[in-house]
Amino acid sequence: MLLIANIFKKACKIWLPLLLLCITAVPAMAEGPTPPSSLSNPFVTLMVIIILFLAIIIFMMGRLVIGSGGLYLEKWKKESEEAKKNSTAPVVTTIVLLLLSVQVFAQDKAAPAAATDNFGGISSTAYYLLCSVVFVELLLIAVLLYMLRVFAGIQKKKKAIVAATNTAAVKTSVPELSWWDRFNALKPIHQEVNIDLGHDYDGIRELDNKLPPWWLYGFFLTIIFAGVYLYSHYVSHTAMSGIEEYEASVKQADIEKTEYLKKSANNIDETTVKLLTADADIAAGKAVFQVSCFPCHGKNGEGIVGPNLTDDYWIHGGSIQDIFKTLKYGWADKGMKSWKDDFSPVQLAQIASYVKSLRGTNPANAKAPQGTLYTEAGNAAPATTDSTKTKKAS
Amino acid sequence: MQVEKFYYDNKTVKMFAYAVLLWGIVGMLAGLWIAIALYYPSINLGFAPTTFGRMRPVHTNAVIFAFVGNGIFMGIYYSLQRLCKTRMFSDLLSKIHFWGWQLIIVAGALTLWTGHTSGKEYAELEWPIDIAIALVWVVFGINMFGTILKRRESHIYVAIWFYIATWVTVAMLHIVNSLELPISFLKSYSMYAGVQDALVQWWYGHNAVAFFLTTPYLGLMYYFLPKAANRPIYSYRLSIIHFWALIFIYIWAGPHHLLYTALPDWAQSLGVVFSIMLIAPSWGGMLNGLFTLRGAWDKVREEPVLKFLVVAITCYGMATFEGPMLSLKSVNAISHFTDWTIAHVHVGALGWNGFLTFGVLYWIIPKMWNTTLYSKKLAGTHFWTGTIGIILYVIPMYWAGFTQSMMWKTFTEEGQLKFQFLETVTHIVPMYAVRSIGGALYLVGAFIMVYNLIKTVQQGSFVADEAAEAPALEKNIVPHSKEYWHRWIEKRPMQMLVLSLIAVAIGGVVELIPTFLVKSNIPTISSVKPYTPLELHGRDVYIREGCYLCHSQMVRPFRDEVARYGEYSKAGEFVYDHPFQWGSKRTGPDLARVGGKYPDSWHYNHMMDPQSMSPGSIMPSYPWLYEDEVDTLLTPKMIWAMRKLGVPYAEGYEYNANDDLRLQQQKIVTSLQGDKISGVNGKPINNKSIIALIAYLQRIGMDIKSAPKTQTAQSGQGVMGN
C-alpha cells in the first residue's frame with residue numbers, strides 16, 4: 001500500500017479531481033473540489049488509493065459481467081422462452097441496484113454537507129466525500145459480485161440442461177472460460193489451432209493471442225503517470241523538487257521542535273546551562289562519555305588524541321557554559337565534532353557536568369596540559385595565551 | 001526442395017556449460033565470503049586480497065560476467081544453431097570466443113584481487129581488460145551474425161531479436177562507459193568527472209542489468225521454455241510489443257540510481273517516469289512465459305527444468321515490479337543506500353538468472369549427452385534448497401534495509417538524531433548472519449546440481465557434432481497470406497541490428513548530451529579546487545581498496561542526512577573527481593563531509609584497528625597501508641593525465657608536484673607525532689599509503705566548508721533547476 005501511495009502522492013492533486021469526476025460525476029462536482037491543502041494529508045492519500053484500487057476492481061469486474069452477461073443473454077435467446085426470462089431478471093436487478101446506489105450515494109453526501117466539523121485535519125465535506133465514494137464503490141462491487149454469481153448460476157444450470165440432452169456435442173461448443181481466462185483475454189486451449197500462426201522454429205510454434213487487456217491498460221496508465229509526473233514537476237510546478245522537499249521538511253521539523261521544547265525541560269542552551277550535581281545526572285553523563293567520548297579523550301578523561309579533561313587547562317574554556325558550547329557546536333578544525341544532533345540539551349548538560357566532575361582525578365597516562373589555565377571564578381583569562389599554538393598538533 | 005544435412009556444434013556449448021558451473025561456484029563462494037565478513041570481520045584476514053573491498057567486486061564480476069556471461073553464451077550457442085538450422089558460423093571464432101572470455105575472467109579476478117580497479121561499480125576492470133572484452137565481444141558478434149546470415153530459416157525467432165539487441169547494446173554501453181585515460185599498464189582515470197561520470201556509469205550499470213542480465217535471458221527463456229513445456233509461445237504480438245518497448249524504455253531508466261543526488265533534477269525525473277513505464281514491457285516477458293505454460297502445468301510438477309524456469313520467471317516478474325517501485329523518489333528515499341537494494345538485486349540474480357541457468361543446464365546436458373537426467377529427485381532437492389536459500393537470503397535483507405533506513409531517519413522530539421550510525425549497523429548484524437545462511441543453502445543447492453550433472457555426463461555419451469537436416473533456404477519466399485508487418489524485419493537481421501541500436505541510443509543521447517553540454521546542469525563553485533598530489537595518491541588508495549563499496553560520498557537533501565553528515569552535496573563539488581565515488585551502499589557512514597571531522601590520528605588508529613575507535617564496527621582493518629609506499633614516480637603522470645582530462649593544474653606543475661607532496665606528508669606526520677604516533681617500529685611513515693589516504697579523507701568535502709555562505713546558497717539554488 002505504501003508503494004502505491006507513493007505513486008500517487010505527487011500526482012494526487014491532479015488525480016483526485018479526475019477520479020471524482022469519473023466516479024461521482026455530477027454530485028461530486030456540486031460539492032466542489034476538495035481543498036488542495038488537505039491533499040497532503042496521509043488519510044486523504046490513503047483514501048484516494050483505496051478509491052483507485054476499488055475503481056480498478058470495479059472496472060475489471062464490470063468487464064467480466066458485461067462479457068458474461070452479453071454472452072449468455074445472446075445464447076439464451078436462441079434457447080427456450082422460459083430461460084430467457086431468467087436471464088434478463090438479473091440485468092433488471094442490476095440496473096435497479098445501480099440506480100439505487102446512486103441514490104444512496106447522493107443521500108450520503110447531502111447529509112454532511114452542512115456540517116463544519118474537522119475530521120483528522122481535513123474538512124468534514126472532504127471526509128464524507130471520500131467515505132461515500134469508498135462506500136459506493138464497495139456497494140458496486142457487491143452488486144457486481146451478485147451479478148457474477150447469477151451468471152455463473154445460469155452457466156451451471158445451462159450446462160446441466162445441455163449435458164442432459166446432448167453429452168457428446170457439448171464439450172466443444174460450451175466455452176470453458178474461467179474468470180481468469182476472461183481477465184487475461186485467453187482463448188480456450190482447444191481453440192488454439194485457430195490462432196496458430198504457423199511459425200515453426202526448431203519445433204516452437206507461436207500463437208496470436210491478444211494482449212491481456214489489463215496489461216495493455218496498465219501500460220497506458222504508466223504512460224499517463226509519466227505525463228502527469230513531468231507536467232506537475234516542470235509545467236504546473238505543483239510537485240516539489242528534491243531540494244524544496246528538503247527545505248519544507250526542515251521548516252516543519254523546526255516548528256515541531258520549538259513547540260516541543262517550549263513545554264519541556266530540555267529548553268537549555270549555552271547561556272542557561274547550570275552545573276548538575278545530582279548523582280543520576282553525573283552517572284548519565286558518564287554513560288555517554290564511556291561510549292562516545294573515550295576514543296579521543298580516554299576512559300578516564302586522561303586525553304589521547306583529544307586533550308586531557310582532568311586538569312585545569314582548557315583550550316576552549318572550562319566553565320560549564322564553555323564545555324556545553326564545545327560539546328554542542330564542536331571545534332571542527334581541531335577534530336572535536338558537534339554533538340548537538342546526537343544528544344539532547346539535557347544530555348549535553350549531563351556530559352558537561354560529568355566532565356567538570358573529572359577535575360583533579362589525576363588518571364594514569366594523563367596527557368600534558370593544553371590551553372590556558374582556567375580557574376572557576378576567573379572567566380576573564382581566555383585571551384592571554386594563543387591556544388591554537390599549543391594545540392597545533394591535532 | 002533440397003534437404004541438407006549438417007551438424008550442430010555441441011562442443012562449444014559443453015565448454016561454456018562447464019565454465020558456468022565452475023565460475024558459478026567461485027562467484028557464489030566469493031559472495032558467501034563477503035556475506036560472512038559483514039558480521040565476522042576477522043574473515044577479512046587483515047590481508048588485502050581477502051578484504052571486503054576487493055572481494056566484493058570479485059563476487060559481482062564473477063557472478064555477472066563469468067557465471068551469467070558464460071550462461072548467456074552457453075544458451076545462445078545451443079539455441080541459435082537450432083533456431084537458424086545451421087552450425088555456428090566458425091568453429092575457430094567459437095574457440096577464440098570461449099578461451100578469450102575465460103582469460104578475461106581470470107585476468108579480471110587477479111587484477112581485482114591485487115587492487116587494480118577503475119573504481120566504477122560493475123565496470124571495475126582496468127583498461128587492457130576493457131579492450132580485451134571489446135575484442136572478444138566483436139568476435140562473438142561476428143560469429144553470431146555469421147550464423148544468422150547463413151541460416152536455413154526464413155525468419156528470425158524472437159529469441160534472436162533479444163540476442164541481437166543484447167549484443168549491440170552491451171557493445172555501446174561498454175565502450176562509452178569505459179573511456180578512460182591510462183597512466184600505466186594497469187591504471188587509468190575515467191574520462192568523465194563527478195556528475196557526468198555518475199550519469200554515464202549508471203546509464204551503463206542499470207543497462208548492464210537490462211542487457212546483460214535481462215534481455216539475453218529473456219531470449220533463452222523464449223527458446224528453452226516452449227521446448228521444455230512443448231507448448232506454443234502464448235502471443236507473438238506480445239513478443240513484438242514487449243521487445244521493442246523494453247529495449248527502448250530500459251535505456252532511459254539509469255538515473256533512478258541517482259535519485260536525490262546532485263544529478264540535475266530533470267534527469268532524475270526522466271529516470272523515474274521511464275522506470276514506471278518499464279513495468280508493462282518487463283511483465284510482457286513474464287506473461288509470455290507463464291501463459292506459454294497453459295495446459296502444461298501438470299508437467300511443471302514433474303519436470304525439474306520447468307520448475308526452475310517457473311520460479312525464474314516469477315522472480316523476474318517480482319524484481320521488475322519492485323524495480324520501478326524503488327524508482328519512485330519517496331520509496332527510493334527509504335531504500336537507497338540500504339540492504340533493500342541488495343535484496344532486490346538478489347531476487348533477480350539468484351531467482352531469475354540463477355534458476356534460469358540451472359533450468360537450461362538440466363535441459364541441455366542430458367540432451368547433448370544423449371541420455372536422461374541422472375536423478376530427478378536430486379534436481380528436486382536442488383530446487384527446494386535453492387528456493388529456501390533465496391527466501392532466507394532476501395527476507396532478512398528487506399528487513400535489514402527497511403529497519404536501518406527508518407533508524408537513520410528517526411529523530412527524537414528534541415530534534416536530535418536518535419541513533420548513531422554505528423547503532424543502526426549493529427542492530428542489523430543478526431540479519432546479515434541469517435542472510436549468509438540463505439546464501440550458503442543456495443550454494444549447497446548448486447553443489448548438488450554439479451554432482452547430478454557429473455553423474456549424468458558419466459552415464460551418457462557426448463555428441464560433439466549433432467546431426468540435423470533442414471531444407472535449404474529459398475531466396476524469395478512469397479508469403480501465403482497477409483502477414484504481420486513485423487515479419488518484414490524478421491527476415492533482415494542487419495536492419496534489426498540497426499533499428500535496435502537506434503532504439504537503445506535515443507535514451508542515452510537525450511540524457512547524456514545535455515548533461516555534458518549545458519553548463520547550468522553543473523553550477524560551478526569557485527572554492528572547489530583540484531586535489532593536491534598527495535590527495536590524488538590517497539584517492540587512488542581509496543579506490544584501490546574499494547572504500548566506495550561501503551561508503552557513499554553523497555549527502556542527499558534529507559533532514560536526517562544533513563543533521564548526520566552536514567550540508568547536502570552539490571553538483572559543483574565533484575568536477576575534479578575522475579572517477580566519481582558517490583557509491584551505492586552505506587554499510588558504513590557517508591564520507592562526503594568527513595574531511596576535518598576527526599583528527600589525523602583518529603584516522604590513523606581507525607584504519608589500523610577500526611574497533612579501537614568505533615567499538616562494534618564491522619569495518620575491516622587495513623594493516624598493509626602502513627607497509628605500502630606511495631609510488632611518487634607516478635605523480636607527474638597523474639598530474640598530466642588529470643590536466644588532460646580538464647583539471648586545471650598549471651602547465652609544468654607535474655615536475656614539482658612531488659615537492660608539495662612531501663610537504664603535505666610531513667605536515668600529517670607532524671600532526672600524528674603530536675598525538676604520540678611516531679611511525680611503525682620507529683621507521684618513518686611519510687611515504688606510506690596511510691598518510692596519502694589520510695590526506696584524501698581530510699580533504700573530502702572541505703572545499704565547500706571553506707566557501708563563503710552566500711556562494712553555497714547560490715549553488716544550492718542552481719541545483720534546484722529553476
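1. A residue is called buried here if 20 or more other C-beta atoms lie within 10 Å of its own. By that rule, the buried residues of α3(B) are Leu93(B), Ser94(B), His97(B), Phe98(B), Trp101(B), Ile104(B), Ile105(B), Gly108(B), Ala109(B) and Leu112(B). The model is a predicted one, and the points below should be read with that in mind.

2. Helix α3 of chain B covers residues 91–113, which is 23 residues. At 1.5 Å a residue it should span 33 Å, and its end C-alpha atoms are 33 Å apart, so the two figures agree. After α3(B) comes Gly115(B), with a positive phi near 85°.

3. What lies over the buried residues of α3(B)? The cover includes β1 (3–9), α1 (10–37), α2 (52–84) and α4 (127–149), which belong to chain B.

4. The axes of α2(B) and α3(B) cross at roughly 175° and come within 9 Å. Angles over 145 degrees count as roughly antiparallel, and α2(B) and α3(B) are therefore roughly antiparallel to each other. On the α2(B) side, the residues that meet α3(B) include Phe65(B), Ala66(B), Gly69(B) and Phe73(B). The α3(B) side consists of Trp101(B), Ile105(B), Gly108(B), Ala109(B), Leu112(B) and Trp113(B). By class, this contact has eleven nonpolar residues, four polar and one charged.

5. Is Ile700(B) buried or exposed? Ile700(B) has 25 C-beta neighbours inside 10 Å, so it counts as buried. Its place is the loop between α24 (689–699) and α25 (702–705) of chain B. Apart from neighbours within four places in sequence, Ile700(B) is in contact with Gln553(B), Leu591(B), Ala592(B), Val594(B) and Gly595(B). Its C-alpha atom is also 9.6 Å from that of Glu573(B), although 127 residues separate the two along the chain.

6. How many residues of chain B are in contact with chain A? The number is 59, and they touch 54 residues of chain A. Helix α8 (residues 265–277) of chain B supplies the largest share of the chain B side, six residues. By class, that side has 32 nonpolar, 15 polar and twelve charged residues.

7. Chain A has 14 helices and four strands. It is 394 residues long, and 28% of them count as buried. Of its contacts with a separation of 6 or more, 68% join residues 24 or more positions apart.

8. One helix of chain A is α9 (residues 213–234), with 22 residues. From its first C-alpha to its last, α9(A) reaches 32 Å, close to the 32 Å expected at 1.5 Å a residue. The buried residues of α9(A) are Trp215(A), Phe219(A), Thr222(A), Phe225(A), Val228(A), Tyr229(A) and His233(A).

Definitions and conventions:
Residues numbered from 1 in each chain as written. Chains lettered and ligands numbered in written order. Predicted model: local features only at pLDDT ≥ 70, side-chain atom pairs only at ≥ 80, totals over all residues. Helix = DSSP H or I, 4+ residues; strand = E, 2+ residues; numbered from the N terminus. Buried ≥ 20, exposed ≤ 12 C-beta atoms within 10 Å, placed from the backbone. Contact = placed C-beta atoms within 7 Å. Nonpolar A, V, L, I, M, F, W, Y, C, P; charged D, E, K, R; others polar. Expected span 1.5 Å × (residues − 1). Axes fitted to C-alpha atoms, helices over the stretch in contact; angles between N-to-C directions. Parallel < 35°, antiparallel > 145°, perpendicular 65-115°, else oblique.
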